[in-house]
Amino acid sequence: MFKEQMNKLKNFFSKNKKADNEEIEEKTDKKKIENLVSFLIILIITIIAINIIVNKDENTTPKEESAYKILANSQTSNDDYTDELEERLEKILGTMTGVGKVNVLITYTQSSEVVAMYNENSTVSHTSESDSSGGTRTVEEQGTNKEVIFTEENGASVPATQTIINPKVEGVIVTAEGANDANI
């Protein structure tokens with residue numbers, strides 16, 4: 001009889017343990033789902049933020065766009081300048097007696113530089129103050145405001161050019177047919 005009651009108690013407690021284990025498993029499953037949902041929400045917000053940042057970089061103002069075009073054009077004009085100079089040097093050396101085909105390569109220490117025109121406004125203000133004890137204080141403020149001057153070319157705003165500084169030549173390589181003769 002005592003053993004039967006002990007077995008009944010054991011069964012009762014083991015059933016309660018099973019029920020407790022099932023509740024714990026349900027709670028951990030719920031936690032996992034909540035963590036997964038939180039992770040997905042954070043991931044979506046991050047993707048949206050990155051998309052907004054990238055779109056802001058792509059949407060430049062027309063003035064910024066034209067400034068970028070000017071920089072690109074200055075690189076193109078630098079390449080044109082290089083090609084033109086190499087061709088001129090090849091033609092000059094090719095006219096020498098006894099010289100055949102000439103190839104020239106020119107390298108530069110820097111690229112050409114386009115200096116834009118600016119509209120510059122400078123302001124200076126002087127302020128003098130005296131206090132009741134006879135002391136004076138003088139304040140001088142200076143301010144400068146520079147804005148690039150834009151002109152209209154083919155319906156687009158383009159910065160006005162003050163000067164173009166040509167690149168500095170670093171080295172020149174010349175190969176020519178007929179160079180085996182010391183006189184040539």
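Is Glu129 buried, partly exposed or exposed? Glu129 is partly exposed, at 39% relative accessible area. Here buried is under 20% relative accessible area, exposed is over 50%, and partly exposed lies in between (1.4 Å probe, protein chains only).

The model is predicted: local features need pLDDT of at least 70, side-chain atom pairs count only at pLDDT 80 or more, and totals for chains, interfaces and linings use all residues. Residues are numbered from 1 along each chain as its sequence is written, and side-chain values use heavy atoms, with hydrogens and water left out.

The chain holds 2 helices and 8 strands. Their order along the sequence is α-α-β-β-β-β-β-β-β-β. Helices (H or I, at least four residues) and strands (E, at least two) are DSSP runs, numbered from the N terminus. Of the 184 residues, 9% count as buried.

The salt-bridge count is 1. The rule asks for a side-chain nitrogen of Lys or Arg within 4 Å of a carboxyl oxygen of Asp or Glu. Arg137 and Glu129 form this bridge, at 3.3 Å from N to O.

| Residue | Relative accessible area | Class |
|---|---|---|
| Arg137 | 48% | partly exposed |
| Glu129 | 39% | partly exposed |
| Asp83 | 39% | partly exposed |

Asp83 sits in helix H2 (residues 62-94).
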